[in-house]
Amino acid sequence: MAMSVYAGTTLVEAQKMVEGDYSAFDWRRRIIYCQVYLGIDPAIRDAENALDSDEDKPVVVVLLLKSEKMLVKNRVRRLSAIKGTRILSDEELLKRTGYIFDNEKWDGSPEGIVMRASNGVYVVQCDAVQYQCSLRGKRDAFSKNQQVYVGDRVKIQVIDEKHGVIATVMRRKNQYKRRGTQSKRVVLIPNLDGMVIVSSVKEPPIWQRMLDKFLVIAEASGIEPLICFNKIDMLENRSEVDSMVALYEKIGYRTIITSATTGEGIEDLKAWMKGKISMLSGLSGVGKSSLLNALQPSLKLKTNEVNPRRGGRHTTVATQLYRLDFGGFIADTPGLRELHFWDIEPRLMDRYFPEINSLRERCVKGACTHVYEEGCVVQAALKTGDISRFRYQSYCEFQ
Ligand code: GDP
Ligand code: ZN
């Protein structure tokens with residue numbers, strides 16, 4: 001049975017392939033393609049992510065394969081498996097996948113960010129103005145297929161001072177995709193710039209393994225992390241925190257020490273968040289809501305409303321963005337702040353530890369796991385103390 005897989009590439013390379021020149025298609029060296037997928041969603045994501053550095057506009061090509069057997073672990077192993085190649089047009093891509101890349105036709109239209117979405121109404125923030133928007137063409141392929149998420153950058157056609165129509169979605173910078181602990185629902189937030197990973201230094205004490213886990217999630221999602229040690233006012237002796245700061249800064253991470261109670265570090269936190277779309281993550285009780293309140297008092301009310309009927313915090317599952325007075329946005333998805341679940345491919349784990357990533361190519365064996373191999377540069381660095389034993393143990397455990 002013939003079948004098709006999709007992959008992202010550049011227009012120039014795609015055209016070569018259509019003409020039968022598969023020279024760019026080399027799996028061992030993986031020059032062009034990041035991955036080939038059976039499903040379209042991840043293919044689109046990688047088409048965007050992998051090719052960000054490329055000058056050419058990314059396109060999606062579909063490879064027609066002779067048989068399903070030719071796919072080994074979702075990956076084409078032999079060129080003989082390729083029966084044909086086709087570039088998908090924007091319109092066709094949209095019909096099949098619900099996705100369209102930025103469309104030059106809308107170049108002059110105002111651009112905004114989707115702040116909230118419910119029942120087909122999208123609240124879009126364009127500079128200082130908010131518009132309530134619907135999707136273009138109620139019955140055409142765009143609104144049937146296009147997935148628009150909170151966090152998406154969109155172009156709108158303005159109808160009046162309060163209303164508009166979403167005309168097109170801009171390329172996503174990245175996609176943060178996780179399952180909440182309670183609802184198990186998959187939540188997707190595109191275009192996140194920053195993740196503030198909050199730990200508390202006391203009550204509860206720093207859970208370093210969990211910190212490493214959050215860092216891996218940030219790395220794997222392409223989001224810049226900031227490590228925040230909160231409740232510093234509760235400690236008389238800061239030496240343990242100082243050594244933790246030294247450990248993570250040596251790796252290259254930014255860290256910050258805060259107290260939502262005394263206000264220490266809050267200005268630095270603001271400076272980091274300014275202009276970004278960021279989210280706060282961390283376990284329950286570490287002080288995320290308190291930090292929000294310290295950053296901007298009006299936020300706490302919104303993110304932490306008490307449900308009058310059930311008496312507890314209300315647990316909306318929908319993601320929302322809030323505008324920060326000092327510039328930027330904060331994404332809030334309550335169920336996601338305390339996540340345990342992840343779907344990271346274990347064999348790629350070494351990429352998500354910067355101190356291991358920078359060494360991994362020097363390992364003697366190509367696919368070194370850095371656990372038992374001879375001539376492993378990572379294990380050598382562990383012995384000399386260049387890599388922290390705790391971090392290395394995190395790496396082994398997550399793998
Ligand atoms: P969340 O579950 O992460 O949102 O945590 P909360 O913001 O609800 O905070 C949990 C508890 O820690 C509350 O009782 C807060 O008053 C307290 N707390 C939060 N931040 C600080 C801080 O910086 N210093 C102190 N002493 N207590 C804090
Ligand atoms: Zn190794």
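Predicted model: local features only at pLDDT ≥ 70, side-chain atom pairs only at ≥ 80, totals over all residues.

Trainee: In the hairpin of strand 7 and strand 8, which residue takes a positive phi?
Mentor: Strand 7 (residues 111-118) runs antiparallel to strand 8 (residues 121-126), with 5 bridges between them, and S118 stands opposite V121 in strand 8. This hairpin has 2 residues between its strands, and the one with a positive phi, near 45°, is N119.

Trainee: Is F329 buried or exposed?
Mentor: F329 lies in strand 19 (residues 329-332), and, leaving aside residues up to four places away in sequence, its contacts include I113, I277 and L321. The C-alpha atoms of F329 and D193 are 9.8 Å apart, although 136 residues separate the two in sequence. Because F329 has 24 C-beta neighbours inside 10 Å, where 20 or more are required, F329 counts as buried.

Trainee: Which helix gives the largest share of the shell around ligand 1?
Mentor: The shell around ligand 1 has 14 residues, of which the closest are A260, G287, K288, S289 and S290. By class, this shell holds 3 nonpolar, 8 polar and 3 charged residues. The largest share, 3 residues, is supplied by residues 288-295, that is, helix 8.

Note on methods: Residues numbered from 1 in each chain as written. Chains lettered and ligands numbered in written order. Near = placed C-beta within 6 Å. Helix = DSSP H or I, 4+ residues; strand = E, 2+ residues; numbered from the N terminus. Nonpolar A, V, L, I, M, F, W, Y, C, P; charged D, E, K, R; others polar. Buried ≥ 20, exposed ≤ 12 C-beta atoms within 10 Å, placed from the backbone. Contact = placed C-beta atoms within 7 Å. Pairing = 2+ DSSP bridges.
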